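Here's a quick look around a multi-chain model. Have the viewer open as you read.

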Amino acid sequence: MSLVVSNLNVDHGAIRAISKVSFTVENGKIAAVIGANGAGKTTLLRTLSGLKSASTGSALWNQHDLLSVRPEFNVRHGIVHVGEGKSVVAELSVEENLHLGAIWRKNQKEMKATQLDVLELFPRLGERLKQRADTLSGGERQMLAIGRALMSKPQLLLLDEPSLGLAPLVVEQIFQTIKSLRDQMSLTVVLVEQNALGALEIADTGVALNLGKVVVEGTAQSMLNDPAVRAAYLGY
Amino acid sequence: MYKLLSSLLIGISLGAIYSLMSISLVLVWRSTRVVNFAQAGQAIVSTYIAFEVVNRTGSFWLAFFVAIIAGAILGAIVDRYFMRPLFKRVNSGPIVAIAPVVATLGLLGILRAIVGFVWGVELKPIAPPVSLDGFSLGSEVLPFAPYNALVIVIVAIVLIILSLLFQKTNLGLSLRASAYSPEIARLSGIRVNEIRTLGWAIAGAAGAIAGILATPTSYLSPNSLDVLLVFGFAAAVIGGLESMVGAVVGALVLGLGVTFVSNYVSTSLIFPTAFVFLIIILLVRPSGIIAGKGSRRA
Amino acid sequence: MRKRLFLFIALGWILLLVGDRVDELRVYQGASIAVYVIAIGSIILLTGYSGQISLGHGALMAFGGYVAALCASHASMPLWLAFIMAALVTGIFGAVLGFAAARLSGPYLAGTTLAFAVGLPSLANQFSILGGEQGIYLDPGLPPARLGESFSQYKWFFWIACLAALITMFWLANILQSKYGRTWRALRSNEVAAQLCGVPTGRQKVLAFSLSSGLAGLAGALLVLTISTVSPSAFPLSLSFALVTGAVVSGIYDLKGVMLGAVILVVIPEIADSVASRFGDSLKITSTLPGLLVSALLILAVLFTPNGPGEKLHHLRHKRKAHSG
């Protein structure tokens, strides 16, 4: 099982947002996708989950073609995208937000069990189950978004800048949580981040995007050691 | 005293009918960001179908049931085969802002014309299942009849069913999520397009019920539900287009307001009253009586 | 501007000549077309340019019609003055409405103007001076004697209506090309951006509404002239819809196609009548077919020529060039 992206080209109207991007993520590994604002990271995820259509190229998850399918159907194949900006439904309660992730599975008992697992991972959510999602703090909302994704029992998790706008301590928590998702649940994760250091520290492999193209690729360790990467993205 | 009591009761009964129309408009608005003016057209078709059933079988309740189904099916068809292709086709240029409004108006006209053609434009009656004669209170006869009470009961039941559906079921959760955040709903595995069509079906059914309940006290004609549309819309706006509760409250306020003006001032001021109500609310409290999120900008 | 003036004068001459050669019925229709030209022009100004939708312009026409009728019959004003009053008073009323409308957009504005369209005519029954359902009779008077014995009343209507249409459309075309028109277009496409550029959007919207209402009022007064009465039934809800349809069909973003919309609106009842007479003058057909045609036309226009027939013609012209070049 792995994610194989080859020669992906995505256009925003007349502008090529993603250009000939290819990379592979092995099963149960975390791939960090780093790059500056506007590099195409979000577009990449939106294309993989089916929110945006690609022009040419392919992306396969275990032989399932991600690109030709609407997002709601990709979810049924185990691919879940957590959008940027703490994507929770503000008007719904924490519990309802979680349920949202599991509705398509139609199995009530399984849903309850999964919810217990999620709440074990994010106990703070358990304390706020009945509250409206917009009363949560930024970090809690991000946890809720990830929690909702987990309710869908994903195999491939696409995370868009989960650390954005969060306090350092919370960011650390989030990254540790993502790490444990890989370690304990064997999830495959594509982690898009502006916080390159944090992402590369928990990732197995890394991809750096610039203007829609892959500029650096390799193991996370090698990227952490690469002077060019350091200069451009890690700040030292 | 009797005038006050009867105005109150009639106002509530009227408001109850308006609320079904306003709820159906709010439902569609929330899920598709479109004010479906064609709702009146869908309702009139359903009501004429009900008329046929009553004519052939003499049963109001069978007709009622058939109207609900017809309304639901029609609502689903309009969303799936009219609105969705429309949005796909018209997605650029300045026309986007007015295209949905204009398109649903066009559809309204077409539905009305079809109805007029198939059934003719003469006024037709639908006999009510219970009496239209007012209750007697002592020596007085109230203008409030068993039928009006029945209307209130039916609408109350419908509202309860709808709120249970929305608040307590997975389907309702999907509907709400799809309306609030369609993208997040998609990413959660919810088939947003199909859910939206379902929302239109429910709205269509509610509109059909409004149509069939409104007819026994007057008559049926291709234009007879225009009033309902205007009042339903005014009620929805007064209540704040974003909320179901608001739609109901707005409808009751409007129903009572219109009845009181009609009884105490003059019957021909009904429409101007609704208009004035609408303007006042829009000027004074633009987010409606029950303020919801989201702005007045479509 | 000079070119346009010549164009309009030339148009005027042509109409003059046409009016002489054509039979009574066509002349009468010509007058109706002129009325619709003004009314559709008002919608193009309001919706196409300033982006405010109105489903109540039929009621505004009614308003103007009543003002004209009251001025002419109760205040004994000469016709031309009554028309000016109609435009003016409706324009002022439009400013008031516009003030409320400026806060609204999209469906809210549509629904509110719809409520207005339904509400205003019923006021006629409330105040006896408005004559209730029968309305008020407007004596159109006879054409001036110096035009000769054979100058029919319909021709007189035609002249008056065409003159009004030419003058108002000339004026409208100019104002749409002016900085006002550009401002309105700016706020139609992006009100926030316009505000940020310092455009007093509220005022501009009210201005547009007011001018549009004035035009509609004038159109209404002219309509009343042609039928000699003003009553609620002359201005049904379907009129408001028809105006919007006419505007969309003729290309709501440009004044150029306004004649097309007006002609279509006048032609549709004719088509309905002739279809009906083929089927034995069925009441069903005469009452439902016009609505059906108008609505179907509206939907087709939105789907296929959303930005006006000009767009399609443009494409065709380019295609031809590409083929021949």
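## Ground rules

This is a predicted model, where local features need pLDDT of at least 70, side-chain atom pairs count only at pLDDT 80 or more, and totals for chains, interfaces and linings use all residues. Residues are numbered from 1 along each chain as its sequence is written, while chains are lettered from A and ligands numbered from 1 in the order in which they are written.

## Helix 4 of chain A

Helices here are DSSP runs (H or I, at least four residues), numbered from the N terminus. Helix 4 of chain A takes in residues 108–121, 14 residues in all, and its first and last C-alpha atoms are 20 Å apart. That is close to the 20 Å expected at 1.5 Å a residue (1.5 Å times one less than the number of residues).

Buried means 20 or more other C-beta atoms within 10 Å of a residue's own, exposed means 12 or fewer, and partly exposed is in between, with C-beta atoms placed from the backbone. A:Thr114, A:Gln115 and A:Val118 are buried in this helix. They sit on the same side of helix 4 of chain A because they cover an arc of only 105 degrees around the axis, taken from the directions from the helix axis to the C-beta atoms. The buried residues of helix 4 pack against helix 3 (94–102) and helix 6 (138–151) of chain A. On the face turned away from the buried side are the exposed A:Lys109, A:Lys112, A:Ala113, A:Leu116 and A:Glu120.

## A:Phe175

Look for A:Phe175 in helix 7 (residues 168–185) of chain A. A:Phe175 counts as buried because 21 other C-beta atoms lie within 10 Å. Leaving aside residues up to four places away in sequence, A:Phe175 touches A:Gly198 and A:Ile202, where contact means C-beta atoms, placed from the backbone, within 7 Å.

## Between chains

Of the 2 pairs of chains in contact, chains B and C share the most contacts. Chains A and C have no contact, and their closest C-alpha atoms lie 20 Å apart.

How values were computed. Helix = DSSP H or I, 4+ residues; strand = E, 2+ residues; numbered from the N terminus.
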